[in-house]
Amino acid sequence: MMEDHNNTQSQQPNTEPENPNIRNVKVGAVTIPLNLGYVKSPLGIVTAASCFLGLLSTILVSASYNINCYAGYGSTYDFFEFVATSWFILTFFRYIIFLLTNKNGFLCGSFVPWTLLMMANTAVYIIMFFFGSIAMAVNSCWRGGYKATAAFGFFTTGTCVAELVLLLIRLREEHEPTQNRFLILMGVQAQSQQNAPPPYDPESNMATDPPKY
């Protein structure tokens, strides 16, 4: 009876509880986990909206081309087009990185601090979008297309600010307790002294006995 009971236990598969927000999609012989919870989250919605606004800004500044205006303010238009285009491409790949995840974290390099990197480049693009939109508004050449481009630039700046706030909230919620002062200043929970590693003592690693030859 004991052998039969052990056999039945060994035949039962070891199934772990599945995350309802993760959907496995099979592409041939490869199974790709998609984090649908991120798609429905405020961060996912804001990131998608920011990506879409960046694409619209790129299309508007390109479609509003005027040779007379470009002769006087071409550097302003080129700078804004670079910011909008690079932001669209960057945000698209960021969305893919957050989408491709499993229960253990990111698939695209789980050792990389993606949240911190995304916060850093988002802060940089907030500055570039803000000043680029101001420059577009000032140098609109009285054309409606350039004025609309400046307006969408300010809209994109607003979504970037919202995304930065949501990334900060995500960092505070998901980051493990740490002793890093910079992360603690950003709101990450500080590690207690009981769980902290012992201080490094170089004398403890030195051999007390002379080497034997």
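**Helix packing in the predicted model**

The buried residues of helix H3 are covered by elements that include helices H2 (36–40), H4 (67–99), H5 (114–138) and H6 (144–174). In this predicted model, the residues of H3 that are buried comprise Leu43, Gly44, Val46, Thr47, Ser50, Cys51, Leu53, Gly54, Ser57, Thr58 and Val61. Helix H3 itself extends over residues 42–63; at 1.5 Å a residue its 22 residues should span 32 Å, and the separation of 31 Å between its end C-alpha atoms therefore agrees with expectation.

Two of the helices that cover H3, H4 and H5, also pack against each other, at an angle of about 155° and with 10 Å between their axes. Because angles over 145 degrees count as roughly antiparallel, H4 and H5 are assigned to that class. Their crossing is left-handed. On the H4 side, the contact is formed by Thr76, Tyr77, Phe79, Phe80, Val83, Ala84, Ser86, Trp87, Leu90, Arg94, Ile97 and Phe98. H5 contributes Trp114, Thr115, Met118, Asn121, Thr122, Tyr125, Met128, Phe129, Gly132, Ser133, Ala135 and Met136. Classified by residue type, this contact contains 16 nonpolar, seven polar and one charged residues.

With regard to the chain as a whole, seven helices and four strands are present, and their order from the N terminus is α-β-β-α-α-α-β-β-α-α-α. Of the 213 residues in the chain, 32% are buried. Among contacts between residues at least 6 apart in sequence, 65% join residues at least 24 apart.

Note on methods. Residues numbered from 1 in each chain as written. Predicted model: local features only at pLDDT ≥ 70, side-chain atom pairs only at ≥ 80, totals over all residues. Heavy atoms only, no water. Expected span 1.5 Å × (residues − 1). Buried < 20%, exposed > 50% of the residue type's maximum accessible area, 1.4 Å probe, protein only. Contact = heavy atoms within 4.5 Å. Axes fitted to C-alpha atoms, helices over the stretch in contact; angles between N-to-C directions. Parallel < 35°, antiparallel > 145°, perpendicular 65-115°, else oblique. Left-handed = near helix turned anticlockwise from the far one by under 90°. Nonpolar A, V, L, I, M, F, W, Y, C, P; charged D, E, K, R; others polar.
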